[in-house]
Amino acid sequence: MKYKVGAVIYQRIRPPRRYEQKISDSLLRLYGTKSYKEKIYSFWSKKYSLHIYTSLIVILLTVGESLSSQGIFFLGGNVCCHYYLDEKLKEEIETHRRALMNGFFEFSSLFTLMINAGLNYKNALEYSIGDHAFSPYLNEAIRQIKTGKSEILAFEEIPLQCRETVITRYFACIVQGQRHGNRSVRNDLKRITEENWNEKLKLHRKNGEVLKTKLLLPMMLIFIGILGILLMPVMIQFQQLM
Amino acid sequence: MDYQQYTFSKVELIYYGLRNSFLVVAISYLMYKNIIVSLASLIFVLPLLKQNKKACIAKQKRQLLLEFREFLYSLIVCLGSGYSIENSLPHVVQELEMLYTGETMIIEEVRDIHRRICLGASVDDAFRQFSQRTDSTIIHLFVASLSIGINQGGNLVEVLKENSNMIIDQVSIHQEIDVITAEKQFELKFLSIFPFFIIALLDYSSPSFMGTLYTTWLGRFGMTLAMLVIGTGIFLGKQLVDKHT
């Protein structure tokens with residue numbers, strides 16, 4: 001196992017409690033309640049191992065240097081290592097969330113239309129599974145219903161796995177409708193679907209704004225290219241004069 | 001017609017071929033001032049043509065969705081005035097013909113669906129075949145609700161009207177998203193043209209200053225390096241825009 005060293009150290013030295021909790025929450029959002037515990041273990045093993053490997057590499061590369069510069073490189077390497085994995089996790093969560101929401105928007109539209117067309121919940125769910133990031137959760141719900149679990153419990157399980165407000169709101173409406181009876185559940189689902197689409201639009205607008213900032217990097221690269229073209233003749237002529 | 005594929009017409013092929021060739025030759029000539037290099041850069045025309053094809057497929061899908069919305073509007077009106085789906089299709093074609101001059105994708109499709117129904121196919125099957133070829137979620141939504149309505153019974157007209165209204169709203173939101181995407185793509189296009197415009201301006205205003213870049217080996221190397229950096233910037237920008245929109 002590549003990260004065995006990290007795993008051993010993780011069992012003996014635990015990270016700060018609040019930080020560990022934060023990472024656990026992130027992993028819970030990413031992998032759901034079923035498999036996130038294994039992922040916590042593998043994440044910390046990886047993190048500890050990466051820190052150890054980085055420290056070793058830095059020590060090997062800075063042999064013969066003064067103690068202070070060794071210390072700076074050691075600290076710098078470990079800080080980079082720390083942020084690298086955290087940022088990677090954040091990026092993964094964001095990508096997963098985006099894919100999940102897109103899948104959910106697709107599902108909710110189809111599901112609402114199916115309910116509107118007169119199907120019952122189970123059939124509508126089977127019909128609207130599709131093939132997207134939200135499908136595994138739906139497949140799991142259908143599997144549970146088929147093995148005898150009640151529809152209410154299976155529907156309740158989905159938002160617990162996804163941990164998204166929009167998804168929770170949608171399924172809460174279905175569950176409450178089933179549990180207490182609701183004459184206007186069709187209209188409620190329609191309204192929530194409409195709200196979801198508006199949410200999707202907002203998400204795109206937000207992405208557009210974020211993109212403006214992210215486009216600064218390619219813009220900078222292009223400007224570096226232009227700057228290079230501007231400075232090159234000066235440097236060449238200077239070299240010829242020398 | 002398969003909406004996942006696009007075949008260039010002769011005119012389009014000539015147009016895109018000439019446009020890409022001009023673009024590639026102009027940029028390489030601007031960077032190296034060398035005819036041989038410019039001609040060699042023509043090998044990049046083919047990948048650009050592939051990009052054009054992808055853009056055409058996306059444009060075709062967008063256009064179909066807009067036309068489908070008009071189809072739904074007409075269908076709702078016909079259903080509201082008491083026609084069945086089968087009988088409303090010729091009227092929808094008439095209305096669409098008034099709306100669009102010439103043959104459009106949706107008119108062709110609605111005619112095809114009507115022809116199939118007249119030949120004995122079920123409404124459900126005729127629409128499903130259309131949906132499968134388009135691979136559009138919105139069209140799939142409509143066909144699924146139609147199929148359920150037909151198979152499950154109930155007030156089909158009312159259900160279709162309600163669902164069509166929902167789908168129309170979703171198409172409108174898709175359109176708004178497209179506007180946001182187009183805005184970003186325009187920014188990227190401007191960003192991509194800008195460096196070459198600067199180089200052309202410098203070359204035009206002070207040819208002696210830029211001359212060293214085209215005559216010395218160090219200059220040519222520098223130009224290649226700069227082009228690589230600019231190319232990376234443009235590629236990165238395109239990736240970001242594609243990912244976020």
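Predicted model: local features only at pLDDT ≥ 70, side-chain atom pairs only at ≥ 80, totals over all residues.
Local features are given where pLDDT is at least 70, side-chain atom pairs count only at pLDDT 80 or more, and totals for chains, interfaces and linings use all residues. Residues are numbered from 1 along each chain as its sequence is written, while chains are lettered from A and ligands numbered from 1 in the order in which they are written. Chain A has 9 helices and 0 strands, and chain B has 10 helices and 0 strands.

**Chain A overall**

- From the N terminus on, the elements of chain A run α-α-α-α-α-α-α-α-α; helices (H or I, at least four residues) and strands (E, at least two) are DSSP runs, numbered from the N terminus.
- The radius of gyration of chain A is 26 Å, whereas a compact globule of 242 residues would have one near 18 Å. This radius is taken over C-alpha atoms, and the globule rule is 2.2 Å times the number of residues to the power 0.38.
- The C-alpha trace of chain A spans about 85 × 55 × 25 Å along its principal axes.
- Of the 242 residues of chain A, 26% count as buried. A residue is buried if 20 or more other C-beta atoms lie within 10 Å of its own, exposed if 12 or fewer, and partly exposed in between, with C-beta atoms placed from the backbone.
- Among contacts in chain A between residues at least 6 apart in sequence, 54% join residues at least 24 apart. Two residues are in contact if their C-beta atoms, placed from the backbone, lie within 7 Å.

**Helices 2 and 3 of chain A**

- Helix 2 (residues 17–61) of chain A packs against helix 3 (residues 67–117) of chain A at an angle of about 160°, and their axes are 10 Å apart. Axes are lines fitted to C-alpha atoms, for helices over the stretch in contact, and angles run from 0 to 180 degrees between N-to-C directions.
- Helix 2 of chain A and helix 3 of chain A are therefore roughly antiparallel to each other. Angles under 35 degrees count as roughly parallel, over 145 as roughly antiparallel, 65 to 115 as roughly perpendicular and the rest as oblique.
- The crossing of helix 2 of chain A past helix 3 of chain A is right-handed. A crossing is left-handed if the near helix is turned anticlockwise from the far one by less than a right angle, and right-handed if clockwise.
- Residues of helix 2 of chain A in this contact include Leu30(A), Leu50(A) and Val58(A), and those of helix 3 of chain A include Phe73(A), Leu85(A) and Ile93(A).
- The residues of the contact of helix 2 of chain A with helix 3 of chain A divide into 9 nonpolar, 7 polar and 4 charged. Ala, Val, Leu, Ile, Met, Phe, Trp, Tyr, Cys and Pro count as nonpolar, Asp, Glu, Lys and Arg as charged, and the others, Gly among them, as polar.

**Helices 3 and 8 of chain A**

- Helix 3 of chain A and helix 8 of chain A pack at an angle of about 155°, with their axes 10 Å apart.
- That makes helix 3 of chain A roughly antiparallel to helix 8 of chain A.
- Helix 3 of chain A passes helix 8 of chain A in a left-handed crossing.
- Among the residues in contact are Met101(A), Phe105(A) and Ile115(A) of helix 3 of chain A and Leu189(A), Trp197(A) and Leu203(A) of helix 8 of chain A.
- The residues of the contact of helix 3 of chain A with helix 8 of chain A comprise 6 nonpolar, 6 polar and 3 charged.

**Contact between the chains**

- The contact takes 37 residues from chain A and 45 residues from chain B.
- On the side of chain A that touches chain B, the elements giving two or more residues are helix 3, helix 8 (185–214) and helix 9 (216–241) of chain A.
- Helix 9 of chain A gives the largest share of that side, 14 residues.
- The side of chain A that touches chain B divides into 22 nonpolar, 9 polar and 6 charged residues.

**Chain B**

- Chain B has a radius of gyration of 25 Å, but a compact globule of 245 residues would have one near 18 Å.
- The C-alpha trace of chain B spans about 80 × 35 × 30 Å along its principal axes.
- Of the 245 residues of chain B, 26% count as buried.
- Lys33(B) is found in the loop between helix 1 (10–32) and helix 2 (35–40) of chain B, and has a positive phi of about 50° although it is not a glycine.
- Lys33(B) is partly exposed, with 18 other C-beta atoms within 10 Å.
- Pro47(B) lies in helix 3 (residues 45–80) of chain B and counts as exposed, with 11 C-beta neighbours inside 10 Å.
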